[in-house]
Amino acid sequence: MERLFRRELNSLGPLFGFVGDFAFANGLDDGTAFTVNLAVEEVFTNMVKYGGGADEVSVAIELHGDDLVVELVHPGAIPFDAGKKGKVDVDEVLEERTPGGLGLHLVRNVMDEMVYAHRDGCARITLTKHLGGD
Amino acid sequence: MFDIGRGNNGEIRLSGRLDASQVDLVREQLNTLKASCVVDFEALDYISSAGMGVLLGAQKRLSDGGHSLTLVNLNRHIREIFRIAGFDNVFPIK
């Protein structure tokens, strides 16, 4: 399944609907659907806030065997090093905590893989979740 | 669909999906707090880092005056991401 979404926060409702339809059609459990919604929102929201570039983002979600793969493509986005984002010290005391980087920290922990690439003028973030047995 | 309101005992009640498009509503409500308060998650299905950040900001502001937010009735998915975020160290969670 693939669909274009306007690069704005009002797209989150339709985006959840898109993920929900996929989850229902493929019999994904609640926990997996929650995880995928969270990861997609965090990446999409970063594209809305910081990416510049095109007004639309392409979101594709597929099953490859036991792997659920989501790819978000943002044409014209400003390149950034995703590897340096989302470093969060979860042991910091309240006074030192800031929300910065929390979204990507969650994505890295709830998904099994997050790959960032910038090619052909597009930012591409691919998220993978291994399903099935251990 | 997201909603925020007050319960019979003064607690803040969240319901539905708290995503990045809804955080202004929560920030507005939490900014009115001057003392400790319970936030009831019983009807909340989903939250992302945007909502968590607003809760963190409120907790920091309240703690300056010796107050805090206590979070109750988190579903298992939300409880898990709060653990991943280390929020179980900065909020009383029941």
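Student: Is the crossing of α1(B) and α2(B) left-handed or right-handed?

Tutor: The model is a predicted one. In chain B, helix α1 covers residues 23-30 and helix α2 covers residues 49-63, and their axes lie 9 Å apart. The crossing of these two helices, α1(B) and α2(B), is right-handed.

Student: How is α1(B) oriented relative to α2(B)?

Tutor: The two helices of chain B pack at an angle of about 15 degrees. Angles under 35 degrees count as roughly parallel. The orientation of α1(B) to α2(B) is therefore roughly parallel.

Student: Which residues of α2(B) are met by α1(B), and how many residues of that contact are nonpolar?

Tutor: From α1(B) come B:V23, B:V26, B:R27 and B:L30, and they meet B:A50, B:G51, B:V54 and B:A58 in α2(B). By class, the contact has 1 charged and 1 polar residue, and its nonpolar residues number 6.

Student: Which residues of β4(B) point to the face where the side chains are buried?

Tutor: Strand β4 of chain B spans residues 69-72, and its side chains alternate between two faces.

Student: Which residue stands opposite B:L69?

Tutor: Strand β3 of chain B, residues 37-47, pairs with β4(B) in the parallel sense over 4 bridges. Opposite B:L69 in β4(B) stands B:C37.

Student: Turning to the contact between the chains, which helix gives the most to the side of chain A that touches chain B?

Tutor: The contact takes 21 residues from chain A and 21 residues from chain B. On the chain A side, α1 (12-25), α2 (30-50) and α3 (102-110) each supply at least two residues. With 7 residues, the helix that gives the most is α2(A).

Student: What is the orientation of α3(A) to α2(B)?

Tutor: The axes of α3(A) and α2(B) come within 9 Å and cross at roughly 130 degrees. Roughly antiparallel needs an angle over 145 degrees, and roughly perpendicular one of 65 to 115. The two helices are therefore oblique.

Student: How many charged residues are there in the contact of α3(A) with α2(B)?

Tutor: A:L102, A:G103 and A:L106 in α3(A) meet B:S49, B:M52 and B:G53 in α2(B). These residues divide into 3 nonpolar and 3 polar, and the number of charged residues is none.

Conventions: Residues are numbered from 1 along each chain as its sequence is written. Chains are lettered from A and ligands numbered from 1 in the order in which they are written. This is a predicted model: local features need pLDDT of at least 70, side-chain atom pairs count only at pLDDT 80 or more; totals for chains, interfaces and linings use all residues. Axes are lines fitted to C-alpha atoms, for helices over the stretch in contact, and angles run from 0 to 180 degrees between N-to-C directions. A crossing is left-handed if the near helix is turned anticlockwise from the far one by less than a right angle, and right-handed if clockwise. Two residues are in contact if their C-beta atoms, placed from the backbone, lie within 7 Å. Ala, Val, Leu, Ile, Met, Phe, Trp, Tyr, Cys and Pro count as nonpolar, Asp, Glu, Lys and Arg as charged, and the others, Gly among them, as polar. A residue is buried if 20 or more other C-beta atoms lie within 10 Å of its own, exposed if 12 or fewer, and partly exposed in between; C-beta atoms are placed from the backbone. Two strands pair if DSSP finds at least two bridges between them.
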